[in-house]
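Colleague: I would like to learn how to read a model of this kind, feature by feature. Could we begin with what counts as a contact, and go on from there?

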There are 2 protein chains.
Amino acid sequence: MRLAELSERSGVSAATIKYYLREGLLQPGERVTATQAAYGEEHLRRLRLVRALIQIGKVPVAVAREVVAAAEDASLDHHLRLGAATQALSRAPGPAEDDEATEAARGSVDALLKQLGWPCVQDEPSPALGTLVASVAALVRLGYPCDTAHLLPYGRLAADLAVFDLDTVQEQPTADGQIEAAVALTVLYEPVLLSLRRLAHIHESARRFRGGESTAGPRPGA
Amino acid sequence: MRLAELSERSGVSAATIKYYLREGLLQPGERVTATQAAYGEEHLRRLRLVRALIQIGKVPVAVAREVVAAAEDASLDHHLRLGAATQALSRAPGPAEDDEATEAARGSVDALLKQLGWPCVQDEPSPALGTLVASVAALVRLGYPCDTAHLLPYGRLAADLAVFDLDTVQEQPTADGQIEAAVALTVLYEPVLLSLRRLAHIHESARRFRGGESTAGPRPGA
């Protein structure tokens, strides 16, 4: 298809598509004349993914470019391509503070990973691990309980989530489709998960704190 | 304690403390002379919370001010203060697109909330609900399965998370402490949860894919 059709089918303006092409976010089309190129379904899919990363995932353009490059790096095996693509999405945390809270957080997280049985997570330093330690340290500084016992249920739920996520990734028939799905699900399920958690808070808080009102009265819409 | 001691104990510079005071993020100390004020443990706790929101939670100063104001609004009951404080943290999603994907997303989310049995979430529009619909719509546009059956396990996990979260909130002995804990846990457990999910992905992906072979297609029996 021509650029005009790609624009119409994706809902992305021609100017934005040209920008993505220049920035290397979208693979070039097949040149048919000196001034025209043809695009296929794989361009449409990539375009929708890039737009979703940037618009919904709030991923900066430079990061989206790294993700796309990692997803396309044919020299890596499937696990590593998956990892490289989603890892590019993780902003590295700031330099770790080296205080008691960070020490305590590191201890809790190490014990947690051991209990969860995630050896390769312990062995390969990743931005997510740095973020986890920094966030736990912040909670420790505020005096909230952040020992392994408190973290373990979150870790177990994360393990369950990863099983659902990877099942959805594996529903894709091709290796490229799986990489793309991993990127999309990593980024786009984050707001899904966080907003569901916020909604669950509203429900749980009403159930616990709202006197007799919400339980005694007739359930609206029920 | 004097401002210098507050600064030393919190690790926040005197200049930043003065900025927080001017911006209404920190309640004023008790004036002891024309130029000096005394601060207590509640200032220290508030200061640590505000710094964690801004540094770890990446919450903008204006939002942190709203959160603090909502947490202090004595005219609301406990559930509403909790809700108002944490709601102030949610950025409203952009205007919803009104396309087929959004319609489909709204349908899935409505059915999801019904199945989860969260009536008050359906009745009170909240920024989290808008974010959820917009994120699901983005996944629908990319062609990923986002029907109620796919969302339900995430919803159930979110419900479990909320139970842990509210248990921790209720460990706090005072109503003010509970509000503060709700704010801290809402914001600071988000990076904990997301980084644990990323780490779980690394573990699960290594378990499934390591060795180079990509196992395309659904698993037998999945």
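Modeller: Two residues are in contact if their C-beta atoms, placed from the backbone, lie within 7 Å. This is a predicted model, in which local features need pLDDT of at least 70 and side-chain atom pairs count only at pLDDT 80 or more, while totals for chains, interfaces and linings use all residues. Residues are numbered from 1 along each chain as its sequence is written, and chains are lettered from A and ligands numbered from 1 in the order in which they are written.

Colleague: Among contacts in chain A between residues at least 6 apart in sequence, what percentage join residues at least 24 apart?

Modeller: In chain A, 62% of the contacts between residues at least 6 apart in sequence join residues that are at least 24 apart.

Colleague: How many helices and strands are there in chain A?

Modeller: Helices (H or I, at least four residues) and strands (E, at least two) are DSSP runs, numbered from the N terminus. By that reading chain A has 11 helices and 2 strands, and from the N terminus on the order of its elements is α-α-β-β-α-α-α-α-α-α-α-α-α. The radius of gyration, taken over C-alpha atoms, can be set against the globule rule, which is 2.2 Å times the number of residues to the power 0.38. For the 222 residues of chain A the rule gives 17 Å, whereas the radius of gyration is 22 Å, well over that value, so chain A is more spread out than a compact globule. Along the principal axes, the C-alpha atoms of chain A fill a box of roughly 70 × 50 × 30 Å.

Colleague: Is A:Pro28 buried or exposed?

Modeller: A residue is buried if 20 or more other C-beta atoms lie within 10 Å of its own, exposed if 12 or fewer, and partly exposed in between, with the C-beta atoms placed from the backbone. A:Pro28, in the loop between α2 and β1 (30-31) of chain A, counts as exposed because it has 10 C-beta neighbours inside 10 Å. Leaving aside residues up to four places away in sequence, A:Pro28 touches A:Leu21 and A:Ala37. A:Ala134, by contrast, is placed in helix α8 of chain A and is buried, with 22 other C-beta atoms within 10 Å. Over chain A, buried residues make up 46% of the 222 residues.

Colleague: Which residues of α3(A) are buried, and what covers them?

Modeller: The expected span of a helix is 1.5 Å times one less than its number of residues. Helix α3 (residues 41-55) of chain A, with 15 residues, reaches 21 Å from its first C-alpha to its last, close to the expected 21 Å. Its buried residues are A:His43, A:Arg46, A:Leu47, A:Arg48, A:Leu49, A:Val50, A:Arg51, A:Ala52 and A:Leu53. The cover over the buried residues of α3(A) includes α1 (3-10), α2 (14-22), α4 (61-72) and α10 (175-209) of chain A, together with α8 (127-141) of chain B. That helix, α8(B), is itself mostly covered, as 13 of its 15 residues are buried, and just after α8(B) the residue B:Gly143 takes a positive phi of about 85 degrees.

Colleague: How is chain A divided into domains?

Modeller: Domain bounds come from an automatic or database domain assignment, and here chain A is divided into domain 1 (3-79) and domain 2 (100-208). Taken over C-alpha atoms, the centres of domain 1 and domain 2 of chain A are separated by 29 Å. In chain A, 10 residues of domain 1 are in contact with 8 residues of domain 2, and on the side of domain 1 that touches domain 2 the largest share, 4 residues, comes from α3(A).

Colleague: How many residues does the contact take from chain A and from chain B?

Modeller: The contact takes 78 residues from chain A and 76 residues from chain B. On the side of chain A that touches chain B, the largest share, 25 residues, comes from α10(A). With Ala, Val, Leu, Ile, Met, Phe, Trp, Tyr, Cys and Pro counted as nonpolar, Asp, Glu, Lys and Arg as charged, and the others, Gly among them, as polar, the residues of that side of chain A divide into 44 nonpolar, 20 polar and 14 charged.

Colleague: What rotation superposes chain A on chain B?

Modeller: Copies are superposed by least squares on the C-alpha atoms of residues with pLDDT of at least 70 in both. A rotation of 180 degrees, with 0.0 Å of shift along its axis, superposes chain A on chain B with an RMSD of 0.1 Å. The two copies are thus related as by a two-fold rotation axis. A:Leu157 comes closest to the rotation axis of the residues of chain A, at 3.3 Å (C-alpha). Of the interface residues of chain A, 87% are also interface residues in chain B, so the copies meet through the same surface.
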